Amino acid sequence: MSALFKPSSNTAFRVALVAIAVVLGGGLVAGPMIYVRSPFFTQQEDPVDQPVQFDHRHHVGDEGIDCRYCHYLVEKSPFAGVPPTSVCLNCHEQIWNKSPKLAPVRESYFADRPIVWNKVNKLPHFVYFNHSIHVRQGVGCVTCHGRIDEMPQVEKAQSLYMGWCLDCHRQPEKYLRPREQVTSMTYKPKGDQLAIGRELKEQYHVDTRTSCTTCHR
Amino acid sequence: MTESALDARARLEPPRLIQGEHDDGTLNKTLNDFVWRAPPPGWFTLLLIGMAGTGVLFFAISVTLAYGIGMWGNNIPVGWAFGIINFVWWIGIGHAGTLISAILLLFQQKWRTSINRFAEAMTIFAVMQAGLFPVLHTGRPWFAYWMIPYPTVQSVWPQFKSPLMWDVFAVSTYFTTSLLFWYIGLIPDLASLRDATYSRRARRIYGIFALGWRGSARHWHHYKIAYLLLAGLATPLVLSVHTIVSWDFALSILPGWHTTIFPPYFVAGAVFSGFAMVLTLIIPARRYMGLKHVVTERHLDNMAKVMLCTGLIVAYGYVMEHFAAWYSGNLYEEHVFFSTRPRGPYAWAYFTQMFCNVVVPQIFWLRWARRNIWTLWVGAVLVNVGMWFERFNIIVTSLHQDFIPSNWAMYYPTWVDFSLLFGTICFFGTLFLLFLKYLPAVAVAEVKELNHELHGDRPYSGGPHA
Amino acid sequence: MPSLKSLPIAGQQKLWRSVDEHATPPAPARELGPSTPPDDATSRRNVLQLLGASAALATLGGCLKQPDEKILPYTKQPPEITPGNPLHYATASLIDGRATGLLVTANEGRPTKVEGNPEHPSSRGAVGHLEQAEVLRLYDPQRLKVVQNRAVARSWRDFLQAAVYQARGLRLRQGEGLRFLLEPNSSPLIGQLRQRLRDTFPRARFSTWSAVPLQHIHDGAQLAFGAAYETRLDLSQASVVLSLDSDLLAALPGTLPAMAAWAEKRDPSRGPMGRLYAVETNLTVTGMNADHRLRLKPTELQRFGLALLGRLGALVPALSPYAILTQRFALAPPAAKFADALARDLVKAGRGALVSVGPRQPPALHAAAHAINTALGSACAKLAQPVLHDMDAGPRTLRQLTEEMRSGAVDTLVITAWNPVYGAPADLNFSKALSLVPHSVYRTLHYDETADRAEWVIPSLHPLESWGDARAHDGTVTFQQPLISPLYGGATEAEVLAAFLGEGDRSAYVQLRELWQSRQPDGFAMRWEKWLGDGFIEGTATKAETPAVRHDQILAAAVQVPPSDPATPGLQVNVVPDYRIWDGRFGNVAWLQEFPDPVNKLTWGNAAQISPETARKLGVAQNDGVDLGLRGTPVHASVVIEPGHADDCVTVSMGYGRRGDGEALCRGLGFDVSALRSSEAPWFGPGLSVTRMGRKAPVAQTQEHHSMEGRLIAALTTLPKLKETSEELAEHRGPTLTAHRPHEYPGYKWGMAIDLSRCTGCSSCMVACVSENNIPVVGREQVIKSREMHWLRVDRYFVGDDLGNPGVVFQPLACVHCEFAPCEYVCPVNATVHSDEGLNEMVYNRCIGTRYCSNNCPYKVRRFNFFSYTSNYGDIEKMVFNPDVTVRARGVMEKCTYCVQRIERARIRTRLEERRIRDGELRTACQQACPAEAIVFGDLNDPSSKVRKLHREERSYDLLHELGTRPRTAYLARVMNPNPELAS
């Protein structure tokens with residue numbers, strides 16, 4: 001009776017075992033864990049198209065307009081607020097008031113229809129983030145939103161994962177800056193950030209909380 | 001005078017473990033026969049029923065996933081019901097396997113040989129049924145993986161203080177070990193199946209799983225070591241798994257759950273129901289598969305004794321529960337054990353439990369009952385029923401009347417609940433039928449070995465051997 | 001143009017609606033053409049997402065890529081609106097013509113929460129369950145959306161033309177055949193319109209109808225004083241109160257101040273306790289609070305009152321002529337003993353005495369009460385001119401009208417009263433009569449039974465959409481201002497009436513402003529602004545008067561009353577307004593349908609309530625189906641056995657058995673009692689037959705077990721025993737031996753205290769909780785399966801051995817936030833954890849729904865989403881959600897959070913101001929609503945906080961203290977103040 005298996009089948013069998021291990025281990029465990037951390041999944045570094053090609057480089061960088069001129073709710077409301085059309089018109093009544101680029105803005109203002117912007121930084125609906133308190137406690141815009149002044153089109157700068165939030169909530173001194181520097185895009189700590197951070201933490205009575213209901217209600 | 005003495009001695013001798021005269025050939029023939037034989041129509045009928053029931057099971061599961069736990073009868077206060085009852089019941093049934101394979105092996109109980117394969121298979125299939133429920137009974141099964149500790153992007157971990165957490169580990173370990181144990185035991189038999197068949201396809205398949213077993217001394221040497229090691233590994237599991245399952249209840253503060261006697265009495269209960277299930281299955285099997293010569297009255301008799309013994313432990317557990325409730329003088333405990341259970345709306349379940357688990361086993365004090373197929377089988381089935389109701393009483397009856405009377409409410413199962421119970425039984429049966437058909441239901445190699453042990457090399461000479 | 005400070009909406013209509021409206025051109029707000037609800041679904045959904053009010057994706061949020069979302073900013077942001085920060089506006093709700101001052105929260109133009117106006121005399125910050133449910137009623141998708149003429153969709157203009165044409169014809173005939181059927185009303189604006197209509201149509205006539213009429217009060221006052229007067233209760237001075245079927249402690253319209261005042265009297269630490277006697281048929285909320293309660297067949301009540309008057313005659317000189325009544329109305333021994341003791345107690349109380357009579361009782365009894373109160377010089381019952389234009393509302397006036405309608409004398413009938421076809425007693429057969437009227441106009445919120453028979457059906461504006469004015473229960477002029485532009489369009493009562501003056505195009509706002517300008521011309525703009533800011537005009541309460549009592553008349557009427565029933569064997573029927581849906585007008589409000597009746601914990605329907613004794617006699621059991629017959633066809637009801645109910649009578653509540661097509665929610669629930677009412681006996685009468693249907697008809701009750709099983713759950717004691725009780729309670733508070741490592745609470749340490757002695761069990765807090773926390777409604781079937789979702793429930797237990805007339809104690813119970821919480825350590829995924837301030841947090845988005853926490857919660861206050869209860873919400877319905885609270889997904893556990901969203905808002909606000917949260921600054925929803933101030937929340941670390949003091953009170957105790965859970969909610973034992981004479 002001929003042999004049932006060729007000698008090589010031993011090797012084949014062992015290879016098969018290893019392959020199965022790899023597929024199960026890698027495919028079902030490691031793979032997803034890497035995937036969710038990839039910018040592709042978190043939609044980072046992925047400029048979002050907008051109905052109006054608003055260029056922060058120009059407004060923030062060149063003109064040096066303070067964030068709070070347009071996002072004026074940021075200090076008193078949970079929302080930083082996408083500015084009302086009227087705010088755009090404050091300037092653009094005078095300058096570029098004929099520019100075709102701004103047609104949608106004028107149209108919105110006079111037809112009293114809001115411009116429908118695409119959201120860039122999305123939080124799940126069970127997360128309650130409040131801008132006013134963060135700004136108050138000396139968390140810089142750039143810390144979460146990145147170098148807006150270098151973005152022709154705004155893109156998501158951070159993963160906005162809970163782990164990322166907790167990083168700061170567990171050790172705020174790593175990120176705190178003086179209140180007057182909050183909107184600065186270029187602020188660099190003079191000296192050791194941790195030392196300065198601890199100082200500011202004292203000064204601003206920052207007690208970051210990690211209790212779940214701080215953000216989930 | 002001497003004659004009568006001999007007779008007496010003969011009568012005292014227990015029945016033999018292997019009936020009739022056998023050598024390896026005949027054993028191979030008789031024991032593997034069912035694998036080669038075209039399955040009898042009875043097998044097909046049962047398989048059909050089993051598969052139909054499995055269909056019901058999967059339908060019920062889809063309904064649950066699609067619409068939510070609301071399709072079950074659960075409510076507040078009765079947050080757990082059929083789901084967890086079935087889970088504990090199946091896990092319990094699973095225990096006989098490991099006990100027989102591991103502990104009886106270590107204690108060198110020869111009689112385990114003819115039934116261990118059977119019991120181990122049953123264990124694996126039972127644990128598979130049990131495994132369905134912990135995931136299924138959660139409100140959001142698609143997030144059940146959060147129970148597994150792994151570095152998440154939220155940087156949060158599971159709660160290791162929770163007994164449910166421990167369940168995850170206990171049950172998965174138990175399943176893995178039982179599976180390995182079963183498979184290792186199968187290897188020599190798979191090899192002999194491989195060598196016995198003429199169909200090339202069957203040979204290839206059996207061959208692959210036989211892992212190139214040639215029965216060389218070296219093989220046997222490694223095999224024995226591995227088997228013994230696994231036995232050692234499995235032994236603590238027999239005790240740990242159901243201990244941990246019992247902690248799901250014992251660690252809560254609910255009267256009727258919060259009981260220190262739980263771990264031993266759950267383990268005993270598990271073995272109790274496990275052996276009951278083995279008997280329920282093996283009695284018809286030995287008849288229709290012609291295994292009476294290896295699964296003898298002696299085996300049945302021993303299993304009945306184990307049932308009697310564990311049954312007594314369980315009964316003791318019941319007594320202690322009630323005693324503790326009375327002795328503690330705790331208002332809530334007393335209410336559960338002396339009002340809710342015996343006199344509440346679910347009293348019928350309580351008395352079913354007591355009858356099946358306490359009264360019924362007592363009959364096995366009698367030798368004839370242990371040897372009589374019918375009493376044995378009916379008794380075993382009743383014990384399985386009783387053990388299911390024990391879990392019903394622990395879970396539902398305790399929950400439906402707890403601390404604050406305004407919470408109290410009745411629980412009524414829905415058709416989905418019943419489908420899940422019925423469905424898992426059918427799924428279990430289906431798997432078991434397939435096992436009987438395609439694998440040797442008895443550990444042939446071990447039986448052969450035993451046969452040699454019993455009669456040495458010389459052909460069996462009849463008469464009681466010293 | 002009023003300034004924008006006082007209201008966001010004046011003039012600039014486009015600002016009325018929520019942000020999202022701007023996504024699409026707003027439909028002309030006042031044009032009621034056949035317009036379907038605005039189809040700006042997508043944009044509205046976006047806004048809700050923007051506001052975080054939708055968690056449809058919450059379950060997936062963690063594991064799938066997030067969907068694209070839009071942001072819709074304002075084009076021109078109104079100065080007073082800061083997106084993300086809610087605003088509060090003062091307005092009012094009307095029930096039977098009287099106003100309750102409200103403070104309504106609006107998020108980006110969406111009203112989301114109704115609270116009491118702290119300044120307003122009729123609410124003082126508290127609020128009842130009916131008013132709170134208005135916000136859900138506003139977003140009811142089943143509201144009538146379009147003007148209809150004989151079921152054909154028409155436009156508001158069409159109606160105006162028809163009305164003008166009609167009016168021209170009527171004017172020629174002096175208004176002959178023109179009739180108005182109005183709701184009881186106190187609005188100065190409506191008053192002026194009525195006057196002008198009278199001038200234009202001299203022959204026109206006005207009648208007033210309410211299914212809960214005040215006719216008897218009116219007649220009683222006529223009898224006693226020869227003029228219409230109403231009684232104003234002031235319990236701040238009360239010491240002995242007798243309630244004759246007067247439900248003054250249920251959170252119903254007008255009772256809120258009385259409840260607050262009485263709560264002070266029930267707190268033993270605040271001076272001498274008041275004592276409450278109740279004589280009634282069915283167990284009421286007031287009866288549950290009585291120190292002594294006498295249950296009588298409905299027809300016996302009047303005789304008891306007169307017998308009492310007789311006894312007082314012997315004790316009070318001013319009442320001596322009545323002494324003869326004692327013999328005339330002989331009482332059974334127990335009742336007699338009760339009356340004797342009561343009479344003496346009342347006399348002893350003097351100025352502090354009060355006899356209050358319910359609107360269902362006959363005039364003679366009202367008159368008798370007036371006699372007693374005046375004779376005893378009661379300071380608690382003040383008499384004043386009625387605030388309503390027309391108190392004489394009820395079957396009598398309706399009968400006159402119906403006869404005219406039958407005789408064909410009525411050619412045009414304008415109905416603004418709520419649903420007379422449904423509410424009118426059967427014998428009037430109003431619906432038949434209505435179909436005989438050639439021209440009829442009916443203004444309604446839903447297409448109901450009456451709409452079915454009217455010629456013109458006008459959608460009415462919801463109170464939160466309307467401009468208007470009305471007088472509060474004390475006469476204070478109160479304003480209604482809209483918080484949102486009409487969702488479907490519609491008309492206010494004023495606009496409908498104005499249509500017949502050819503002024504239909506003048507909006508209610510214009511009319512209202514002109515009226516008040518004409519009344520207060522000087523510095524009007526300023527005043528107007530203040531009024532709308534406050535919500536009412538200060539110091540416009542009607543003055544109390546002291547009219548002379550006509551004792552001879554009262555005595556004459558008293559002796560007319562037969563000394564005993566004409567022996568009618570068998571049962572009596574006893575019809576009562578429903579606690580949940582009043583006369584049925586709230587029938588389509590899901591919150592109220594699922595709101596358990598404070599007394600019998602019934603939801604989603606009414607039932608035949610009978611005493612255990614009567615049940616035994618009839619051989620019926622709980623949930624048995626029975627037929628109730630009283631002339632006419634019998635109605636099918638389910639039996640609910642109610643301890644404390646009088647024997648040989650059956651109580652049924654109004655408002656169910658609805659048939660209207662427009663109200664899918666309540667259609668077919670329960671049974672209609674109008675068949676059991678007649679215009680002679682609208683409330684109670686003999687001759688009821690009860691026959692068993694021989695099958696079960698289960699009711700949906702949220703509580704099925706009514707005994708405390710001898711456990712210390714809701715502590716109950718009496719004033720004399722208070723000392724020893726508090727010693728006993730000392731065992732039930734404070735630390736217990738524990739293996740746990742105690743937590744540290746350096747910052748805030750939140751805690752709650754609930755005073756069972758102040759709590760009347762009115763359950764208003766439950767609706768507050770539902771509204772604040774987006775708690776879903778689960779429906780009748782789920783309630784029967786005991787899957788209701790209320791985070792806060794009010795448990796009710798019967799105590800004592802006499803099942804016929806038991807003591808009652810109730811206990812609001814929500815999560816007590818244990819410091820050593822059993823739920824926390826059993827959760828496998830850390831979904832319920834302990835906060836650094838002692839909150840027991842529930843993290844919905846982490847929960848996988850093992851339900852282990854609920855099993856291990858000894859209080860069973862956790863609720864589970866067995867199904868997805870909110871996924872079927874339409875876009876309009878979603879607008880009711882509180883954006884600060886996650887809407888929970890299927891398969892998730894939830895429970896009371898101590899309104900953590902309010903804590904966090906307060907925390908951030910105070911941190912921006914760099915200070916700590918002050919005591920009383922932060923209130924939970926239940927605390928805010930509670931009319932009796934029984935619930936107190938605050939920081940236990942703050943040495944001056946009220947809650948801390950209460951936790952240290954001698955009456956305070958921890959629920960299930962022996963379990964060592966260390967609850968953060970402390971209960972204060974309920975103290976009764978029995979009369980030693982009757983205490984036995």
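Author: Let us begin with a definition: a helix is a DSSP run of H or I with at least four residues, and a strand is a run of E with at least two. Please keep in mind that this is a predicted model. By that rule chain B has 16 helices and zero strands.

Reader: What makes chain B as compact as a globular protein of its length?

Author: The globule rule gives 23 Å for 466 residues and the radius of gyration of chain B is 24 Å, which is close to that value, so chain B is as compact as a globular protein of that length. Its C-alpha atoms fill a box of roughly 75 × 65 × 40 Å along the principal axes, and 59% of the 466 residues of chain B count as buried.

Reader: How does the radius of gyration of chain A compare with that of a compact globule of 217 residues?

Author: A compact globule of 217 residues would have a radius of gyration near 17 Å, whereas chain A has 25 Å. The C-alpha atoms of chain A fill a box of roughly 100 × 50 × 35 Å, again taken along the principal axes, and buried residues make up 41% of the 217 residues in this chain.

Reader: Which elements does chain A have, and in what pattern do they follow one another?

Author: Chain A has 10 helices and one strand, and read along the sequence these follow the pattern α-α-α-α-α-α-β-α-α-α-α. In helix 5 of chain A, residues 85-92, the buried residues are Thr85(A), Val87(A), Leu89(A) and His92(A). What covers them includes helix 3 (56-62), helix 4 (67-70) and helix 6 (103-111) of chain A.

Reader: Why is Lys878(C) called buried?

Author: The word buried is used for a relative accessible area under 20%. Lys878(C) has a relative accessible area of 15%, and therefore it is buried. This residue lies in helix 28 of chain C, residues 875-878. Lys878(C) and Val809(C) are 69 residues apart in sequence, and their C-alpha atoms are 37 Å apart in space.

Reader: How do you know that Ser93(C) is buried, and which residues does it touch?

Author: The relative accessible area of Ser93(C) is 2%, so with a cut-off of under 20% this residue is buried. Ser93(C) lies in strand 2 of chain C, residues 87-95. Leaving aside residues up to four places away in sequence, Ser93(C) touches Arg98(C), Ala99(C), Thr100(C), Leu102(C), Glu131(C), Glu134(C) and Gln480(C).

Reader: What is worth noting about the backbone of Asn419(C) and Lys860(C)?

Author: Asn419(C) has a positive phi of about 45° although it is not a glycine, and Lys860(C), also not a glycine, has a positive phi of about 50°. Asn419(C) has its place in the loop between strand 15 (412-415) and helix 15 (420-423) of chain C, while Lys860(C) is found in the loop between helix 27 (852-855) and strand 34 (863-864) of that chain. Asn419(C) has a relative accessible area of 0% and so is buried, and Lys860(C) counts as buried because its relative accessibility is 1%.

Reader: Where is the cis peptide bond from Ile76(B) to Pro77(B), and what is its omega?

Author: The omega of this bond from Ile76(B) to Pro77(B) is near 15°, and the bond is cis. Pro77(B) is found in the loop between helix 3 (41-67) and helix 4 (82-106) of chain B.

Reader: How many residues make the contact between chain C and chain B, and how much area is buried there?

Author: A residue pair is in contact when heavy atoms lie within 4.5 Å, and this contact takes 54 residues from chain C and 55 residues from chain B. The area buried between the two chains is about 4,700 Å², with 56% of it given by carbon and sulfur atoms. Arg711(C), Tyr852(C) and Arg890(C) supply 16% of the area that chain C buries against chain B, more than any other three residues.

Reader: And what does the contact between chain A and chain C take from each?

Author: That contact takes 45 residues from chain A and 51 residues from chain C. Chain A and chain C bury about 4,600 Å² between them, 55% of it on carbon and sulfur atoms. In chain A, His125(A), Phe126(A) and Arg217(A) lose the most area to chain C, together 18% of what that side buries.

Terms used. Residues are numbered from 1 along each chain as its sequence is written. Chains are lettered from A and ligands numbered from 1 in the order in which they are written. This is a predicted model: local features need pLDDT of at least 70, side-chain atom pairs count only at pLDDT 80 or more; totals for chains, interfaces and linings use all residues. Side-chain values use heavy atoms; hydrogens and water are left out. The radius of gyration is taken over C-alpha atoms; the globule rule is 2.2 Å times the number of residues to the power 0.38. Buried means under 20% relative accessible area, exposed over 50%, partly exposed in between (1.4 Å probe, protein chains only). Buried area is the accessible area (1.4 Å probe) that two parts lose on being put together, summed over both.
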